[in-house]
Amino acid sequence: FRHGEPSEVVVSTPNGFVPFGEHHPLVTIAGPCSVENEEMIVYTAQRVKAAGAKFLRGGAYKPRTSPYAFQGHGESALNLLIAARDATGLGIITEVMDTADLDKVAAVADIVQVGARNMQNFPLLKKVGAQDKPVFLKRGMSATIEEWLMAAEYIMAAGNPNVILCERGIRGFDRQYARNTLDLSVIPVLRSLTHLPIAIDPSHGTGKAEYVPSMAMAAIAAGTDSLMIEVHPNPAKALSDGPQSLTPERFDSLMQELAVVGKAM
Ligand code: PEP
Ligand code: MN
């Protein structure tokens, strides 16, 4: 697979161009699992920006296990992401689940996320490959590396070379203490197989806020190019993924700890 130099994915944001890649500083993406209301998303954006994040994450369309769980505020949440971007200049990353929503999502997002559950949704991969926004491709929860790289290939074959690969934990045999098994060995493995930038999501990878900082540090030590971390102003009241979300205070202290571990930020 691998040939030549590592590629860089350069993303345009209101605060300037942000490059992802092996030869660039670590890029941190942070924010809540779901966009809940204007106040919380703007406040979280301000806090994660102050801590050093370059992108705000927040789901408008949520892939929930139960159809009775909060499904995201959809289009109105996209407008709230615009408000948060206007307030901070942060780049926006948000998930698209349905080809029918792609134009709306891509009009707002600086990076379009394809979630773990859609990693092999081939019509969606082809469609995100046929538009220009960079794509954040999460690893399917039981996808092999080969399947994941082929999913990236679908996007690139459709014309979009700007793909970032994000490990978010795979399904192991023991979910009692951690939601998933965060496969940090993909960092050196992907380095040997592909030129694409690599991101690690220790929030979905562990499912518990208390485990996120050590896995974030380990990911940097192993050479990740980017981190995605869930941050919520009041995790106990979050509409999704509260248990794995850091408070803004904890995120801020983590960013200071990460700066010590390595890769210039
Ligand atoms: C998310 O980023 O909130 C999400 C749903 O992630 P994943 O697709 O990795 O479960
Ligand atoms: Mn989440």
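Phe136 stands opposite Ile164, a residue of strand β8. This is a predicted model in which local features need pLDDT of at least 70 and side-chain atom pairs count only at pLDDT 80 or more, whereas totals for chains, interfaces and linings use all residues. Residues are numbered from 1 along each chain as its sequence is written, and chains are lettered from A and ligands numbered from 1 in the order in which they are written.

Strand β8 covers residues 163-167, and because five of its five residues are buried, it is largely enclosed by the rest of the structure. A residue is buried if 20 or more other C-beta atoms, placed from the backbone, lie within 10 Å of its own, exposed if 12 or fewer do, and partly exposed in between. Val163, Leu165 and Glu167 point one way from β8, while Ile164 and Cys166 point the other way, and burial applies to all of them.

Strand β7 (residues 135-138) runs parallel to β8 and is joined to it by four bridges, where pairing requires at least two DSSP bridges between two strands. Strand β9 (residues 198-200) is also parallel to β8, with three bridges joining the two, and Cys166 has Ala199 of β9 as its bridge partner. From β8 the chain passes through helix α6 (residues 186-193) to β9 in a right-handed β-α-β crossover, a term that applies when the path from the first strand over the helix to the second runs clockwise with the strands pointing away from the viewer. A right-handed β-α-β unit is likewise made by β7, helix α5 (residues 145-157) and β8.

## The barrel

These strands belong to a closed barrel of eight strands with parallel pairing, in the order β3-β4-β5-β6-β7-β8-β9-β10. Within this sheet, neighbouring strands are turned against each other by 25 degrees on average, direction ignored. Strand β10 (residues 226-230) runs parallel to β9 and is joined to it by two bridges, and Ser226 in β10 is the bridge partner of Ala199.

Helix α1 (residues 38-51) lies across β3 (27-31) and β4 (55-57), and its direction is at about 155 degrees to that of β3. Such angles run from 0 to 180 degrees between N-to-C directions, with axes fitted to C-alpha atoms and, for helices, over the stretch in contact.

## Helix packing

The axes of helix α4 (residues 122-129) and α5 come within 7 Å and cross at roughly 45 degrees; the two helices are therefore oblique to each other. Under 35 degrees counts as roughly parallel, over 145 as roughly antiparallel, 65 to 115 as roughly perpendicular and the rest as oblique. The crossing of α4 and α5 is right-handed, which applies if the near helix is turned clockwise from the far one by less than a right angle, anticlockwise being left-handed. Phe122, Leu125, Lys126, Val128 and Gly129 in α4 meet Ala151, Tyr154, Ile155, Met156 and Ala157 in α5, contact being C-beta atoms, placed from the backbone, within 7 Å. In α4, the buried residues are Leu124, Leu125, Lys127, Val128 and Gly129, and their cover includes α3 (102-108), β6 (111-114), β7 and α5.

Helix α8 (residues 212-221) and α9 pack at an angle of about 25 degrees with their axes 10 Å apart, and are therefore roughly parallel to each other. Their crossing is right-handed. On the α8 side Pro213, Ala216, Met217, Ile220 and Ala221 take part, meeting Leu254, Glu257, Leu258 and Val261 in α9.

## Individual residues

Ala87 lies in helix α2 (residues 75-88) and is partly exposed, with 16 other C-beta atoms within 10 Å. Not counting residues up to four places away in sequence, Ala87 touches Val42, Ala45 and Gln46, and its C-alpha atom is separated by 9.3 Å from that of Tyr43, 44 residues apart along the chain.

Ala130, in the loop between α4 and β7, is exposed, with 12 other C-beta atoms within 10 Å. Leaving aside neighbours within four places in sequence, Ala130 is in contact with Ala158 and Gly159, while 6.3 Å separates the C-alpha atoms of Ala130 and Asn160, which are 30 residues apart along the chain.

Asp241 is found in the loop between β10 and α9 (248-261) and counts as buried, with 20 C-beta neighbours inside 10 Å. Phi of Asp241 is near 55 degrees, a positive value in a residue other than glycine. Most residues other than glycine have a negative phi.

How values were computed. Contact = placed C-beta atoms within 7 Å.
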